[in-house]
Amino acid sequence: DDLEAMKYIDNWGVKVTKEPILNLIPLCDFFVASVSSTIQWSAACGIPSVVYDVYKFHYTDYLSAEGIKVVELKQDFLDIIDQLAKKKGNYNKIQQRALAESNYWGMLDGISGGRILDIIDNLVEARKQ
């Protein structure tokens, strides 16, 4: 079992799960990722996010987002994590910004699948004509 093989990571205080990430993101106080679509998912949830550009891709996707902090250097990463984890005032400011921007990143109304099917249906109908 893959989880059993990673059991040693528990000693570091890290938990490994097979739970789908979509179920976990809304539970986060803040979210950390590198190159991942999950960054936009967390932003849509209004979760403050840290994008650690460990590969130095210099993506500009999130630079204007106030609820998403983009860092490239290890010390900058440690500093922003410290601010989010230990300094309630800083966390609250970033959280409010993330919540204010959340609708820009996605609509969490539970009916996106229906909207996608509607678009596909409309495209199919237009193609028939």
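Two strands pair if DSSP finds at least two bridges between them. Helices (H or I, at least four residues) and strands (E, at least two) are DSSP runs, numbered from the N terminus. Keep both in mind as you click around.

Before you start: this is a predicted model, where local features need pLDDT of at least 70, side-chain atom pairs count only at pLDDT 80 or more, and totals for chains, interfaces and linings use all residues. Residues are numbered from 1 along each chain as its sequence is written, and side-chain values use heavy atoms, with hydrogens and water left out.

**Stop 1**

Select β1 (31-33), then β2 (residues 49-52), then β3 (68-71). You have an open sheet of three strands in the order β1-β2-β3, and the pairing is parallel. β1 and β3 are the edge strands, each pairing on one side only. On average, neighbouring strands here are turned by 15° against each other, direction ignored. (Axes are lines fitted to C-alpha atoms, for helices over the stretch in contact, and angles run from 0 to 180 degrees between N-to-C directions.)

Zoom in on β1 and β2, which are joined by three bridges. Which residue of β2 stands opposite F31? Select S49 and you have it.

Now show the side chains of β2. In a regular strand the side chains alternate between the two faces of the sheet. In β2, S49 and V51 point one way while V50 and Y52 point the other way, and all are buried. Here buried means under 20% relative accessible area, exposed means over 50%, and partly exposed is in between (1.4 Å probe, protein chains only).

**Stop 2: the cores**

Next, select I25, F31, A33, I39, A43, A44, I47, V51, Y62, A65, I68 and W105: these 12 residues make up the largest nonpolar core. A nonpolar core is a set of buried Ala, Val, Leu, Ile, Met, Phe, Trp, Tyr and Cys residues joined through side-chain atoms within 4.5 Å. The largest share, three residues, comes from α3. Apart from this core lies another, of nine residues, with V50, V71, F77 and I80 among them.

Go back to I25 and look at what surrounds I25. Leaving aside neighbours within four places in sequence, I25 is in contact (heavy atoms within 4.5 Å) with F31, T38, W41, S42, C45 and I47.

Is S42 buried or exposed? S42, in helix α3, counts as buried because its relative accessibility is 0%. With neighbours within four places in sequence set aside, S42 is in contact with I25, F31, I47 and S49.

**Stop 3: two crossing helices**

Select helix α4 (residues 74-86) and helix α5 (residues 88-105). Their axes come within 6 Å and cross at roughly 95°. That makes α4 roughly perpendicular to α5. (Angles under 35 degrees count as roughly parallel, over 145 as roughly antiparallel, 65 to 115 as roughly perpendicular and the rest as oblique.)

To see the contact, show I80, Q83, L84 and K86 of α4 together with K88, N90, Y91 and I94 of α5. By class, you are looking at four nonpolar, two polar and two charged residues. (Ala, Val, Leu, Ile, Met, Phe, Trp, Tyr, Cys and Pro count as nonpolar, Asp, Glu, Lys and Arg as charged, and the others, Gly among them, as polar.)

Bring the sheet back: α4 lies across β1, β2 and β3, running at about 170° to β2.

**Stop 4: out on the loops**

Follow the loop between β2 and β3, where you'll find K56 and H58. K56 has a phi near 60°, a positive value in a residue other than glycine. H58 has a positive phi of about 60° too, although H58 is not a glycine. K56 is partly exposed, with a relative accessible area of 37%, and H58 counts as partly exposed at 49%. Not counting residues up to four places away in sequence, H58 touches D53 and E72.

Finish at K15, in the loop between α1 (2-5) and α2 (21-24). K15 is exposed, with a relative accessible area of 66%. Its C-alpha atom is separated by 16 Å from that of D29, 14 residues apart along the chain.
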